[in-house]
Amino acid sequence: MQRDNRKIAAILAADVVDGNPFASAITLSITEPFEGTAAELLDVLADPDPDRRLPKDWPANPRAATGLLRRLAPTLRQLGWTIEDAGKTRLKTRLWRIEPPKRENSESTPATPAAPALPQLPSGG
């Protein structure tokens, strides 16, 4: 029963991320640990095409990004992300630490189990 609840919670968390452009941008763009301010995060997530319109619910400024990140953090954590408020800088700007979920090393665990060796057929020589 508890395992089912965890699966449902993970599915719901993924739906929240899919339905939120800011959360989706984080999960697609942050592939390595990030530490910086909300303004720096907005720069990292910025669309390279300046003519493209931002989604309606995209944070308009760093303060809005901080608020949205605080609300999204539990959902992203449910999906294995590390989202931490890393304190303030000397300029009293909030720092964020964001890390994507840990990926298992593909060399240590093969994608498919090794196939059993096929029997040798006698050569018809």
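**Elements and sheet**

Analyst: The protein has 4 helices and 3 strands. The model is a predicted one.

User: In what order do the elements of the protein run from the N terminus on?

Analyst: The elements comprise 4 helices and 3 strands. Read from the N terminus, their order is α-α-β-α-α-β-β.

User: Which strands are the edge strands of the sheet?

Analyst: The 3 strands make an open sheet with antiparallel pairing, in the order β1-β3-β2. An edge strand here pairs on one side only, and this holds for β1 (34-37) and β2.

User: Which helix packs on the sheet, and what angle does its direction make with that of β1?

Analyst: The helix that packs on the sheet is α3, residues 38-45. Helix α3 touches β1 and β3, and its direction relative to that of β1 is about 120°.

User: In β3, which residue is the bridge partner of E84?

Analyst: Strands β2 (residues 82-88) and β3 (residues 94-99) run antiparallel and are joined by 5 bridges. For E84, the bridge partner in β3 is R97.

User: Which residue in the hairpin of β2 and β3 takes a positive phi?

Analyst: The hairpin has 5 residues between its strands. The positive phi, near 60°, belongs to K92.

User: What percentage of the 125 residues count as buried?

Analyst: The protein exposes about 9600 Å², of which carbon and sulfur atoms supply 53%. A residue counts as buried under 20% relative accessible area. Of the 125 residues, the share that counts as buried is 26%.

Notes:
Residues numbered from 1 in each chain as written. Predicted model: local features only at pLDDT ≥ 70, side-chain atom pairs only at ≥ 80, totals over all residues. Heavy atoms only, no water. Pairing = 2+ DSSP bridges. Helix = DSSP H or I, 4+ residues; strand = E, 2+ residues; numbered from the N terminus. Contact = heavy atoms within 4.5 Å. Axes fitted to C-alpha atoms, helices over the stretch in contact; angles between N-to-C directions. Buried < 20%, exposed > 50% of the residue type's maximum accessible area, 1.4 Å probe, protein only. Areas by Shrake-Rupley, 256 points an atom, 1.4 Å probe, with all protein chains shown as cover.
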